[in-house]
Amino acid sequence: MLLGVVEYIFMFPHGIHGDASVRYDSLLQSLQAGKLVPMVYSYVHPLVSSPLLLLGHIFKDGFWWICRFNVFCFLGLLFFVWKTEARWKERGAEPMILAFLFMGATMFPKHVTDYYAEVFCACLAFASILLFLSGRSVLAIVFVCLSVWNAIATFAGGTLLLIFFALRSKRWRYLAAIPLLPLGFLAENFIKYGHASPTAYLAMTIPEGTRSLMPYSLGPGFSYPLFFGLLNIFLSFGRGLLFFAPGLLMFFHPSLWKGKEKSKEVLRAGAVYLLGLVLLYAKYWCWHAGAFWGPRYFLFASLLAAYALAVIAREKDLSTGWRVLWAGCVALSAWVACQGVFFGTDFLENCFSQGHELEFICLYVPEYSVLWRTFIVGPPLVGRRMAFLAYFLLVAVTLLWAPLRELLGEAKAALRGLWKANGPGAGWRA
């Protein structure tokens, strides 16, 4: 765990790129001007992170600290989840397995290396679920509101989450909080532009004159066909949740939908929130989140998948098929975590050599998926990459050693029995 914290903070290649640089530059301009400079994105995430700039006077500089804001959010969530699980004192997720899965088998290792807002959103949403289940509803509602204000496209997820807990607890105040979700976004627009209309956000699109072979990928707003959006979100080789968060397959195990343990309530509430994200972002013209690595808008799914794997690991009498599937999901999730910081989007220049015209290659062609491109190119293992590979290999071995040893023992016993029953010497007697 300590090694993981050191790698997350000091060794991962942190920086600020793309949309994140717009947020960072606007934050600096706003602090200098003393007012919010108009920006199409929300200021919630930049303003919450702004105190880190002061730490730059003590160690390194403000940029160094801001680059690592998402690291601190993620590690803070991990600590909060650990303490909450211990406080509940029930047979839920195994704390150590949960910690290793979060740190070494999710999409977060890559996402925390930049300043994008999705880490902040996902951490707030997941923490709010734990707060609801711990009886701290006021703080939970605050977290949901901040998460939605930070990325208004998560409005559907936040709304469904409040409805879920309203029905669960039969409390009207959760439903009464729903109007707060769009109000914060509209109020920020009024401060920035002098009017509350979301025109600037909905008008985002690819620059005029840009060509693309994907007929619905030029925008604007939420104009993408829902059916194709859903297929893309789950099955595309470069962004599909089936490949980047395979632990979601654990939701097909019936045990997760039975019982009233709080850990299983976390999964059910999380599934409702994720449903809202998927249904809304499936309509978004830029559902793939551009050139960034992996399904950026669905980072929450990675937390949910890791938590589901941790809960299933505690289930007794799992069939051999489910144990094999669990091990396969953990192994693939560990590779997802490793590849993000191992090579990221290296060797994918061809996808963007002609603007957005060839972007579809990285989204749909397996050989150009970020998860598999490494094996095609075969780059050398040098520098910090060796440290990344060693860490994630250690995490994978820690998680899989005991389950695989048990499965291997059972396989040997089964093969020995088959040999005795059907081998050349079967049926022979002295």
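This report covers the helix contacts, pockets, cavities and selected loop residues of a predicted model.

## Basis of the model

The model is predicted, and local features need pLDDT of at least 70, side-chain atom pairs count only at pLDDT 80 or more, and totals for chains, interfaces and linings use all residues. Residues are numbered from 1 along each chain as its sequence is written, and side-chain values use heavy atoms, with hydrogens and water left out.

Buried means under 20% relative accessible area, exposed over 50%, and partly exposed in between, with a 1.4 Å probe and protein chains only.

## H9 against H11

Helix H9 (residues 118-133) packs on helix H11 (residues 155-169) at an angle of about 10 degrees. Their axes lie 12 Å apart. Axes are lines fitted to C-alpha atoms, for helices over the stretch in contact, and angles run from 0 to 180 degrees between N-to-C directions. H9 and H11 are therefore roughly parallel to each other. Angles under 35 degrees count as roughly parallel, over 145 as roughly antiparallel, 65 to 115 as roughly perpendicular and the rest as oblique.

Ser128, Ile129, Phe132 and Leu133 of H9 meet Leu161, Leu162, Phe165 and Arg168 of H11 (contact means heavy atoms within 4.5 Å). This contact of H9 with H11 holds six nonpolar residues, one polar and one charged. Ala, Val, Leu, Ile, Met, Phe, Trp, Tyr, Cys and Pro count as nonpolar, Asp, Glu, Lys and Arg as charged, and the others, Gly among them, as polar.

## The second largest pocket

The second largest pocket has a volume of about 380 Å³. On a 1 Å grid over the protein atoms alone, a pocket is an open set of points with protein on both sides within 12 Å along at least five of seven lines; a cavity is a set where a 1.4 Å probe fits but cannot get out; lining residues have an atom within 4 Å of a point. Points are joined across faces, edges and corners, and a volume is the space filled by probe spheres set on them.

Of the 16 lining residues, Phe234, Leu248, Phe251, Phe252 and Leu274 are the closest to the centre of this pocket. H15 (226-235), H16 (241-244) and H17 (262-281) each give two or more residues to its lining. H17 gives the most, with five. The lining has 16 nonpolar residues, no polar and no charged.

## Cavities

The whole structure has three cavities of 30 Å³ or more. The largest cavity holds about 90 Å³ of space. Its lining includes Glu118, Tyr273, Arg296 and Phe300. H9, H17 and H18 (299-313) each supply at least two lining residues.

The second largest cavity has a volume of about 40 Å³. Arg239, Trp293 and Cys362 are among the residues that line this cavity.

## Loop residues

Lys60 sits in the loop between H4 (52-55) and H5. Lys60 has a positive phi of about 55 degrees, although it is not a glycine. Lys170 also has a positive phi of about 55 degrees and is not a glycine. Lys170 lies in the loop between H11 and H12 (172-176).

Leu213 is in the loop between H14 (199-202) and H15. Leu213 counts as exposed, at 58% relative accessibility.

Notes:
Helices (H or I, at least four residues) and strands (E, at least two) are DSSP runs, numbered from the N terminus.
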